[in-house]
Amino acid sequence: MHDGVIAINASIILVSGRGQAENGLENVGGVAVAMLRKAGCDVAGWALVPDEQPLIEAALLRHIDELRSVLVLTLDVACASVREATLDAVIDTCDCLLSGDEQAACATLGNALILSLPGHAGVFKEDLRAMLCAIDCVLRPVCV
């Protein structure tokens with residue numbers, strides 16, 4: 001709880017390609033965690049997952065079912081677009097695909113919202129900032 005407001009439970013899944021440096025992944029993850037916390041979210045956890053659809057699907061389900069996250073952010077690290085494996089995992093796992101293409105995907109699974117964004121630092125910050133503003137207007141009244 002932050003200032004009398006119930007925080008949104010959030011998780012981050014970093015999807016990485018082969019051979020990406022761990023410190024680059026941690027930088028992207030750190031920026032995402034900071035942005036979520038600044039927006040008033042409680043970050044329940046984060047995971048680093050290879051860009052393989054079954055592993056991404058398993059991570060999504062774990063963060064929603066076990067960690068009870070109502071907001072799950074997937075970031076395709078060091079990419080200017082969402083990887084095909086991530087988009088396919090979101091589509092195959094979700095109840096409802098709200099929007100999805102190589103630029104971003106938004107879907108629901110149960111009472112959770114899944115946001116999939118490119119993880120290139122220059123790309124995801126502005127997209128995430130806009131999404132968090134919209135989420136604050138829509139989800140917070142429901143969660144309180």
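In which strand is Leu-117 found? Leu-117 belongs to strand S6, where helices (H or I, at least four residues) and strands (E, at least two) are DSSP runs, numbered from the N terminus. The model is predicted: local features need pLDDT of at least 70, side-chain atom pairs count only at pLDDT 80 or more, and totals for chains, interfaces and linings use all residues. Residues are numbered from 1 along each chain as its sequence is written, and side-chain values use heavy atoms, with hydrogens and water left out.

The protein chain holds four helices and six strands. Read from the N terminus, its elements follow the order β-α-β-α-β-α-β-β-β-α. Of its 144 residues, 45% are buried; buried means under 20% relative accessible area, exposed over 50%, and partly exposed in between, with a 1.4 Å probe and protein chains only. A contact means heavy atoms within 4.5 Å. Among contacts in the protein chain with a separation of 6 or more, 69% come from residues 24 or more positions apart.

The six strands form an open sheet with mixed pairing, in the order S2-S1-S3-S6-S5-S4. Its edge strands are S2 (42-50) and S4 (96-100), each of which pairs on one side only. Two strands pair if DSSP finds at least two bridges between them. Neighbouring strands of this sheet are turned by 15° against each other on average, direction ignored. For such angles, axes are lines fitted to C-alpha atoms, for helices over the stretch in contact, and angles run from 0 to 180 degrees between N-to-C directions.

Helix H2 (residues 53-66) packs on the sheet, where it touches strand S1 (9-16), S2, strand S3 (71-77), S5 and S6. The direction of H2 makes about 165° with that of S2. The 14 residues of H2 should span 20 Å at 1.5 Å a residue, and its end C-alpha atoms are 19 Å apart, which agrees; the expected span is 1.5 Å times one less than the number of residues. Ile-56, Ala-59, Leu-60, His-63 and Ile-64 are the buried residues of H2. Seen down the helix axis, these buried residues fall within an arc of 120°, so they line one face of H2. The arc is that of the directions from the helix axis to the C-beta atoms. The buried residues pack against S1, S2, S3, helix H3 (84-93), S5 and S6. The face turned away from the buried side carries the exposed residues Pro-54 and Glu-66.

Arg-68 lies in the loop between H2 and S3. Although Arg-68 is not a glycine, its phi is positive, at about 60°. Arg-68 counts as exposed, with 60% relative accessibility.

Leu-75 is buried, at a relative accessible area of 0%. Its contacts, leaving aside neighbours within four places in sequence, include Ile-12, Ile-13, Leu-14, Val-15, Val-28 and Ala-32. Leu-75 and Ala-32 are 43 residues apart in sequence, with 8.9 Å from C-alpha to C-alpha. Leu-117 is also in contact with Leu-75.

Leu-117 is itself buried, with a relative accessible area of 2%. Not counting residues up to four places away in sequence, Leu-117 touches Leu-73, Thr-74, Leu-75, Asp-76, Val-82, Ala-104, Phe-124, Asp-127 and Leu-128. Between Leu-117 and Val-82, 35 residues apart along the chain, the C-alpha separation is 6.0 Å.

S5 (residues 105-109) and S6 (residues 112-119) pair in the antiparallel sense over five bridges. Thr-108 has Leu-113 in S6 as its bridge partner. S4 and S5 also pair in the antiparallel sense, over four bridges, and form a hairpin with four residues between them. In this pairing, Cys-96 stands opposite Thr-108 in S5.

How many disulfides does a search of the whole structure find? The search finds zero, a disulfide being a pair of cysteine sulfur atoms within 2.5 Å. For Cys-96, the nearest cysteine sulfur is that of Cys-94, 6.7 Å away. Cys-96 counts as partly exposed, at 34% relative accessibility, whereas Cys-41 is buried, with a relative accessible area of 3%.
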